[in-house]
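Hi everyone, thanks for coming. Let me walk you through the structure on the screen, one region after another.

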Amino acid sequence: MNNKSNKHTKKSKFFKITMIVITVLIAGTFLFTSLIKPPSIPQDDVNINLNEIAFLPPDGNADDMFIGNGLRAPEGFTTEDRKEQFYTFLLVGLDGGINTDTIMVASYDGINKESNIISIPRDSKVNVKRKVKKINAAYPAGTLYGGGKEGGIEQLKREAKTIIGFVPDFYVSVDLDAFVRIVDAVGGVEVDVPLDMKYDDPTQDLHINLKQGKQHLDGEEALLFARYRKGNNGHNIISDYQRIENQQVVIKAILDKLIKPENILKIPEFIEIFTDSVDSDIKPENMLWFASQLNKIKGTEALSTYTLPTAGTSGLPMYYEYLDKDAIVELVKKTINPYKKDIEAHDLDIIAGD
């Protein structure tokens, strides 16, 4: 599909959603609830067409094409085993190219009005044949060798399954521009910056200069806060886990703003950002249903954030994070598992530490 077609599709989608929003605002709650339905649960027991989405890894080993055995759910699980109105999402933050700067899996429980987010460390080691066995190499490999962003997302989904036990229902891919626009659209966020952040990288045109303490951040500043890893001359270095915590702080701050009444009237603006700068397989009518649920979430206390448990590192030069299978199983059980049955350790395919 060419750029002209893409722009036409986005404009068409934006127009349809805007008209629905206007109708909702004029016609009231009854019509809203009759028009906007919760999403259908994807069919977990249907095989994925591996021939359409598989890619040949850079080292020429075709085994990586069959990660996850072509099933969305663990073996023996079907759609009948799903919890009612319980949805899962693969959240991907791109750095402006094909590098996945942020990888998260989120869930929304429409019955209990609760949400959980689990951040996946970028250096997590996955059981694949390619040379670089980090989870954040899945999207670039799939993109370069599997037919573009669709191949990248599908490969990342399948590799995520090996470490959480299932393929998320939907995906949302956000680039840097979308992140900045979203934060600015909600009026900025309040953040307690834990330390002075001063970093300059002229090659990336990246310049961070944030002072320690509570402050109001606009979109650009919030992005710099979320991206910060180390200061100039090796000062004020933070771990990848602390960086993940900073990203989670921003997400909670955005949600806190989104659920405020004054932002409900900004739905068309958020939808425009979504259609322009966010890539997702969530349908417009389903997007509106999820948006309607924001009013029912009881503040950020209904959103819990976690980081996928690890069990040590490989050290340099490659620096892998080894995942803790037993701890992951327990975390998935209490947070993002969309099934009535428990996901067990044998449903995961995790490499133990050396």
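Let's begin with Pro-317, which sits in the loop between strand S11 (310-313) and strand S12 (321-323). Strands here are DSSP runs of E with at least two residues, helices are runs of H or I with at least four, and both are numbered from the N terminus. The peptide bond from Leu-316 to Pro-317 is cis, with omega near 10°.

A word on the source: this is a predicted model, where local features need pLDDT of at least 70 and side-chain atom pairs count only at pLDDT 80 or more, while totals for chains, interfaces and linings use all residues. Residues are numbered from 1 along each chain as its sequence is written, and side-chain values use heavy atoms, with hydrogens and water left out.

Another loop, the one between H7 and H8, holds Asn-233. Its phi is near 60°, a positive value in a residue other than glycine. For context, most residues other than glycine have a negative phi, and most peptide bonds are trans.

The axes of helix H7 (residues 219-227) and H8 come within 8 Å and cross at roughly 150°; axes are lines fitted to C-alpha atoms, for helices over the stretch in contact, with angles from 0 to 180 degrees between N-to-C directions. H7 and H8 are therefore roughly antiparallel, a label for angles over 145 degrees. On the H7 side, Ala-222, Phe-225, Ala-226 and Arg-227 make the contact, and H8 brings Arg-243, Asn-246, Gln-247, Val-249 and Val-250, where contact means heavy atoms within 4.5 Å.

A cavity is a set of points on a 1 Å grid, over the protein atoms alone, where a 1.4 Å probe fits but cannot get out, and lining residues have an atom within 4 Å of a point. How much space lies in the largest cavity? About 50 Å³, a volume being the space filled by probe spheres set on the points, which are joined across faces, edges and corners. H8 gives the largest share of the lining, 4 residues. Among the lining residues are Asp-101, Thr-102, Arg-122, Asp-240 and Arg-243.

Finally, the sheet. It is open and mixed, with 6 strands in the order S9-S4-S1-S2-S3-S10; two strands pair if DSSP finds at least two bridges between them. S9 (278-280) and S10 (303-307) stand at the edges with a single partner strand each, so one side of each has no neighbour in the sheet. S1 (residues 86-94) and S2 (residues 100-109) run antiparallel, joined by 9 bridges, and Gly-93 has Thr-102 as its bridge partner in S2. Helix H5 (residues 149-164) lies across S1, S2, S4 (170-174) and S9, at about 120° to S1.

Terms used: 1 Å grid on protein atoms, 1.4 Å probe; cavity = no way out; pocket = protein on both sides within 12 Å on 5 of 7 lines; lining within 4 Å. Parallel < 35°, antiparallel > 145°, perpendicular 65-115°, else oblique.
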